[in-house]
Every structure is written in C-alpha cells, then in structure tokens.
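Please examine the sequence and the structure before turning to the solutions.

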Amino acid sequence: MDDQTAIRTEGLTKYYGKVHALEDLDLEIPVGEVFGFLGPNGAGKTTTIRTMMDEIRPTKGRASILGMDTHEKSVEIRRHIGYLPGDLALYPNLTGKDILTYFANLRRGVDWSYVETLRARLDVDLSQKVGNLSSGNRQKVGLIQAFMSKPKALIMDEPSSGLDPLIQRELQKMMREAADEGCTVFLSSHTLSEVQRVADRVGIIRHGHLITVEAVSTLRSKAMRRVELELDVTADPRVFEAVPGVSDVDVENHRVSMSFGGDMGALLKAAAEHYAVIDISSQEADLEEIFLTYYRDEKVTA
Ligand code: ATP
C-alpha cells in the first residue's frame, strides 16, 4: 500500500441499464485531506459513495480505502472508517442512545464520554425515539455514529443535509479537527459554499463525469462572481470590459455590475484609476455558474 493515499478510485464506472451514473472516475485522496465531492442532484455522488462502500458493484473499475480493496476487504474497511449514508435509515422505535449502543457493540466498544461530547456539540437529545425526531436531529444521530469511533477515514453523503446553519458550522469544525488528527474526510455536497469552507480540495462531478479536481483556493479564484460597484459618476462600460475575466457589464446610473472570473486586484485597479469607488459587493457564483466557467475553459482548450 501507498501510505500516503487514503482513498483511491481507478476507472470507477457504474451503469444502471442505459443510465451512465458514473463514468471512469479516477481519484486519489491523500491521508488527512478533507475532500469535497461537489455536484448537483443526480450527478453521481451517491453512486460513487455506495460503490466505494461496496453497497453496489461497479460496472467497471475499482476502489480502495486505507490500502484495502473496497470489495475484497469491505468488512475490514468498515472497522476503520466512519460512514454516513445519504439515505440514513434508523429503526424508528429505538432511541438515539439505543442506536449508538448497537453501533458501538458492532465496533466492540466506544468511548462514551466522546459520544457525549459529540452529542453536546451537535445538540441532540439521544433519549428520544428516532421516529419522533426531526430529519435534522436524525441526521445528527447518524453523524455521531460516524464520528464516535474516531475513525481513520470518514465517508459522508451530504452530511449537512437538514442541519441548521449553526450546527453546519459545528460539523465543519468537527471535520477539520478530525482531519488535523490524520483522519481522511470525504464528503459529498451540492453546496459550493459549504465545501469551500471545509475542504482542502474539491472534485466537481456532473452527469457522472468528474469535471475537475481543484484546491479550494484555485476554485475560488477561478469561480465566477457577480461584482457590483457604486461609483461617483455613471461608468463607461468599456473601462470594465477591458479587464480580463469581465463579462456582462451592466451600467445603471452610478452602479455598474458584471460577471467576473479573474484577478480581483486588476478589476479594482481599473475601477480606481477611473472613478471614486463608493461601495463594492462581490457575490459568489452558484454551482451552475462554476460549471459554466469550467465548460467555457474546456471549450477554450479543446
Ligand atoms: P443526489 O444529490 O440527488 O443524491 P447524486 O449526485 O447522489 O444526486 P446519484 O444518486 O448517484 O446522484 O444518481 C446518479 C444517476 O444515476 C441519476 O441519474 C440517477 O437517476 C441514477 N440512478 C441512481 N440510482 C439508480 C438506480 N438504482 N437505478 C437506476 N438509476 C439510478
């Protein structure tokens, strides 16, 4: 085994009849990395995770986790990793505590004081029957289950789904802390901002194809933004159109807005050279716009 690689997929492919859910996925995720797997609904994220977890067999290709083949060593792998499936099904008549006890027994014990720490951080009542919990609170029970054994790798399908923003932040901290202790974290998400906050690198998947894998810092600098400036006078759009990465310039009185995917310094310089800038707002592009950025790049290089 290559000690530096925690999760590897090679040509991982899954067809459901005519549906090409996942096509030839190659990933290499080093130990201790937080890797965000980003894509819209139906992109193939769950298919990837379920294939990695040996819940479904790939049409082609293979995967390994902690150096073990995910099919041949699926039982052994589960002993070392924490897994949060996307379709978390918990027995409704059991309490959160019962469920965690069940999982703890499968793992031959767990540090209950750590479980209490996780419970307090995520703020959930484990004495309630899970059937009576909201979906967000059920998700928290699933998260405690994934984290509680201090696993070497965490694989989580949309871990923040149903959580309110404060708890999402807490979960992001928990992921970061786990990674700082050497745990490799693989999470799927359809929210760019979430993944940007927590991940070291992001893989973007769409229609079963991996579009790119980027460091979060690169993604941010490449990503399209909507930038709006308030100026002392009405702008000449040509000033902004001349800046590399600017498109769709729209002038309305003293406000000028544009799509922008480039060096923010260059844009601000151009603005300041010609006008007094009174206010500026820059809004992150959504996932669709990011995809467009990459498609445009693909076309340019094609
Ligand atoms: P979501 O965020 O909605 O969960 P996803 O990125 O996880 O999306 P997948 O659930 O992996 O996407 O689905 C990928 C594609 O495979 C979709 O077109 C989906 O309809 C299809 N698909 C998934 N499971 C099956 C199945 N059991 N049979 C047939 N098609 C399937």
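The exercises below concern a predicted model and proceed from the whole chain to single elements.

**Exercise 1. Describe the overall dimensions, composition and domains of the chain.**

Solution. 
1. Begin with the extent: the C-alpha trace spans about 70 × 40 × 35 Å along its principal axes.
2. Count the secondary structure, which comes to 11 helices and 14 strands.
3. Consider burial: 46% of the 302 residues count as buried. The chain exposes about 14,900 Å², of which carbon and sulfur atoms supply 48%.
4. Turn to the domain assignment, which gives domain 1 as 5-80 + 151-220 and domain 2 as 224-283. Their centres, taken over C-alpha atoms, are separated by 37 Å.
5. Finally, examine contacts between residues at least 6 apart in sequence: 67% of these join residues at least 24 apart.

**Exercise 2. Characterise helix 6 by its length, its buried residues and its packing partners.**

Solution. 
1. Helix 6 has 16 residues and reaches 23 Å from its first C-alpha to its last, close to the 22 Å expected at 1.5 Å a residue.
2. The buried residues of helix 6 are I167, E170, L171, Q172, M174, M175, A178 and A179.
3. An α-helix has 3.6 residues a turn, so residues three or four places apart point the same way.
4. The buried residues of helix 6 pack against several elements, including helix 4 (112-122), helix 5 (135-147) and strand 8 (184-189).
5. After helix 6 comes G182, whose phi is positive, near 100°.

**Exercise 3. State the strand order of the open sheet of 4 strands, and identify its edge strands.**

Solution. 
1. The order is 2-1-4-5, and the pairing is antiparallel.
2. Strand 2 (19-30) and strand 5 (68-69) are the edge strands, each pairing on one side only.
3. Strand 1 (residues 5-16) pairs with strand 2 in the antiparallel sense over 8 bridges.
4. As a reference point, I7 has I29 in strand 2 as its bridge partner.

Technical notes: Residues are numbered from 1 along each chain as its sequence is written. This is a predicted model: local features need pLDDT of at least 70, side-chain atom pairs count only at pLDDT 80 or more; totals for chains, interfaces and linings use all residues. Side-chain values use heavy atoms; hydrogens and water are left out. Domain bounds come from an automatic or database domain assignment. Helices (H or I, at least four residues) and strands (E, at least two) are DSSP runs, numbered from the N terminus. The expected span of a helix is 1.5 Å times one less than its number of residues. Buried means under 20% relative accessible area, exposed over 50%, partly exposed in between (1.4 Å probe, protein chains only). Contact means heavy atoms within 4.5 Å. Accessible areas come from the Shrake-Rupley method with a 1.4 Å probe; for residues, only the protein chains shown count as cover. Two strands pair if DSSP finds at least two bridges between them.
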